[in-house]
Amino acid sequence: MILLIILVSFVLGGSAFAWPDNRTRPRLLLVGAAVHLAGVISLWIHPEGPVLSGYIFLDAAGKVVVSTSSVLFLASAIYAQGYLQRRADRDNRVFVGGLLILLSAMTTVGVAQHLGVLWVAIEVTTLATAPLIYFNHNARSLEAAWKYLLVSSLGIALALLGTFFLALSGAGPGGPKSLLLDDLIRAGPELSKPWVRTAFVFLLVGYGTKMGLAPLHSWKPDAYGEAPGLLGALMAGGITNFAFLSVVRVFQVMRAAGEAPFASDALLALGLLSMALAAVFMAGQRDFKRMLAYSSVEHMGILAVALGLGGSAVGGAFYHVVNNGLSKGVLFLAAGNIHRAYGSKRIDDVRGAMRRLPISGPLFLAGFLAVTGTPPFSPFWSEFIILNGAFSSGRWVVGAFFLLFLAVIFIGMGATVLHVVQGDDRGAPGQPGFKDGWLTAGPPLVLLLMVLALGLWLPRALQGLFQAAAHLVTGT
Amino acid sequence: MRSLADMAFILVVVLDLFVLASSRLGAAIRAVALQGALLSLLALLLASSGHNMGHVLIVAGGAFAIKAVLIPWLMFRAIREMAIRREMEPLVGYVPSMILGGVGVVLAFAFSRGLPLPMPEMHTFLVPTALATVWTGLLLVVSRRKAVTQVLGFLVLENGVFVFGLLLTDFMPVMVEAGVLLDLLAAVFVMGIVMFQINREFSSLDTDAMSSLKD
């Protein structure tokens, strides 16, 4: 089933390039998304064992990320129907094909149990998205695409070096001589220490670039600022989550090798730095899409901190992966609608979005409240669990900084968001004829309801899944 | 065999320095292509009797086809279409780049002592060569202005990483190694497309023209 899901989205992506009709081509996205979600649901009902001699297996950690992005992709695919209809003038061949190949590659990252396979799939996510950032065909989006392509490729090349180092750490006599996660974890303490440590540094830099952790985030504001809203949703709520999963995989090996303290300190440092940097750059941000990019830097920082804290915070990290994916979907899709309705994403031009867009405007505000951790939305609970993990394990300083940055970000982001949604929209620039439609406002609305529902009631199955995923990482 | 491998490693490092110092784009691309060819030769030279020969041949052949033939061909095509001949237009001059490259080589040799290979039968030059080449690649990407040269730097970096891959033919399945090589090819292809658009949009491949996005 897993292989089938990966293959179907890949083949659909390929056929999108051959599909002759520009108007009907976006339907392929719907087909791909529906097949993917159906496949993921069937994997929930009938879990599947390892396939391809253990290279491919959907474990609990992978299941969290894959299921989240499956839902997010379906929402984006429905949104795309409305969006691409409006952009009928533009050839969407590369856009549709690239998105489907991205879906296929992301799923592969989620189920890869071999660090080489994982690397190949991560690289494909970069290559599939870079041309899509250029969808608007102007100088600014071109600059963003180039930066994203070059910075990510360099980061990923360093991750490959790290992967090779990890392989070398187990290449001695009696070593596992393998890059399969299970073999590396089983060999654990026998791995050569200096190589494991060097490997971790390169892998963290490489996959950290892909996550967009500070100071490796330089591509992020540009790419998210210029990409169409739905691509931003899939990058911030999908790809970065998978990059986090890659870091989790590496961390599993580090813990087995007895290097968890070293890895945790590095993760805590990068995580807190990301949150601090997001707090600084979010204040006074004049461009609301770039603001969302810094929010993504912040949330990747939160995930890194949670993984670095270990213990009960790790379960919170997996919960937060879901919340981050869904709420980034709300924000980016709503922001895309606002951008369309005003023809600008500068807050000097945009005001009164609540009046002009009676659904997307309030959604943008609600999405902001959700993502900054306001109860009763679900990010509040995951951030609460992480904070609780910090205090209960005696990491008072980490917990205090965590809270401080969350508070500063709430204020900084709130100022920008309120500026966008409040006020009188008369006199603001606009594109006549753009209104909230079901296809463009419905998907973010449903995603927001999901964020709300998960905050009010967390199903037992999900709770168990987060615990099982955390068990893979912490062993308890 | 041993001395031949020695020669090949030294040549790879010499080519690093040559690319750093060369002002002609064509010569630099040829040097990177030659480096790719040397790597595929090294894959053969380093294979001991314990290796699966079929696997080694596939990796060596694939590396030669992609690193020494296909990618250089794509790069030459790109500079022909965009009518760029020479001038690497460095942000850091050629002599300073050479010196930085040389420092990198020395550091690579010093650093590799701290990382003894777990396989003692393997070559002592391997780790320093790989590290020096990775360093050269990074240096090229950050110190050159033209998009083409940045791609060239990325290729040198990938060559450095590949040197480590030479040790791992035993436990990377062929499919994964093929995936790594194909990803590289696809990356250069996508970079080529984006470069082509940059050239059209800005009438040059100068990445300094691309500085409108900032906070």
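Mentor: Let's begin with a definition: the expected span of a helix is 1.5 Å times one less than its number of residues. Keep in mind that this is a predicted model.

Trainee: How do you know that helix α5 (residues 126-143) of chain B spans what its residues should give?

Mentor: Its 18 residues should span 26 Å at 1.5 Å a residue, and the end C-alpha atoms are 26 Å apart, so the two values agree.

Trainee: What makes α5(B) mostly covered?

Mentor: Being buried takes a relative accessible area under 20%. In α5(B), 15 of the 18 residues are buried.

Trainee: Let's turn to single residues. Why is S70(A) called buried?

Mentor: Its relative accessible area is 1%, and the cut-off is under 20%, so S70(A) counts as buried. This serine sits in helix α3 (residues 60-86) of chain A. Apart from neighbours within four places in sequence, its contacts are H36(A), L37(A) and V40(A).

Trainee: And why is L45(B) called buried?

Mentor: The same test applies. L45(B) has a relative accessible area of 15%, under the 20% limit, so it is buried. You will find L45(B) in helix α2 of chain B.

Trainee: Which residues touch the most other members of the largest nonpolar core?

Mentor: They are L99(A), W146(A), L168(A), F364(A) and F164(B), in a core of 261 residues. The element that gives the most to this core is α6(A), with 19 residues. As background, nonpolar side chains tend to be buried together in soluble globular proteins.

Trainee: What does L168(A) touch, not counting residues up to four places away in sequence?

Mentor: In chain A it touches W195(A), and in chain B it touches L117(B), P118(B), M119(B), F164(B), L167(B) and L168(B).

Trainee: Which elements each supply at least two residues of the lining of the largest cavity?

Mentor: They are α6 (139-169) of chain A, together with α6 (147-165) and α7 (174-202) of chain B. With four residues, α7(B) gives the most. The lining includes L160(A), F164(A) and K67(B). By class, this lining has eight nonpolar, no polar and three charged residues.

Trainee: How much space lies in the second largest cavity?

Mentor: About 70 Å³. Among its lining residues are I29(B), K67(B), N159(B) and L184(B). Two or more residues each come from α2 (25-45), α3 (53-81) and α6 of chain B. The most come from α3(B), with four. Nine lining residues are nonpolar, one is polar and one is charged.

Trainee: What volume does the largest pocket have?

Mentor: About 1,400 Å³. It is lined by 44 residues, and F10(A), I101(A), A105(A), V124(A) and D183(B) lie nearest its centre. Two or more residues each come from α1 (2-18), α4 (93-111) and α5 (115-133) of chain A and from α7 of chain B. Here α7(B) gives the most, with 12 residues. The lining divides into 32 nonpolar, nine polar and three charged residues.

Trainee: Which residues lie nearest the centre of the second largest pocket?

Mentor: Those are L150(A), V151(A), L154(A), S218(A) and V141(B), out of 22 lining residues. The elements with two or more lining residues are α6 and α8 (193-211) of chain A and α5 of chain B. The top contributor is α6(A), with eight. The volume of this pocket is about 450 Å³.

Definitions and conventions: Residues are numbered from 1 along each chain as its sequence is written. Chains are lettered from A and ligands numbered from 1 in the order in which they are written. This is a predicted model: local features need pLDDT of at least 70, side-chain atom pairs count only at pLDDT 80 or more; totals for chains, interfaces and linings use all residues. Side-chain values use heavy atoms; hydrogens and water are left out. On a 1 Å grid over the protein atoms alone, a cavity is a set of points where a 1.4 Å probe fits but cannot get out, and a pocket is an open set with protein on both sides within 12 Å along at least five of seven lines; lining residues have an atom within 4 Å of a point. Ala, Val, Leu, Ile, Met, Phe, Trp, Tyr, Cys and Pro count as nonpolar, Asp, Glu, Lys and Arg as charged, and the others, Gly among them, as polar. Grid points are joined across faces, edges and corners, and a volume is the space filled by probe spheres set on the points. A nonpolar core is a set of buried Ala, Val, Leu, Ile, Met, Phe, Trp, Tyr and Cys residues joined through side-chain atoms within 4.5 Å. Buried means under 20% relative accessible area, exposed over 50%, partly exposed in between (1.4 Å probe, protein chains only). Contact means heavy atoms within 4.5 Å.
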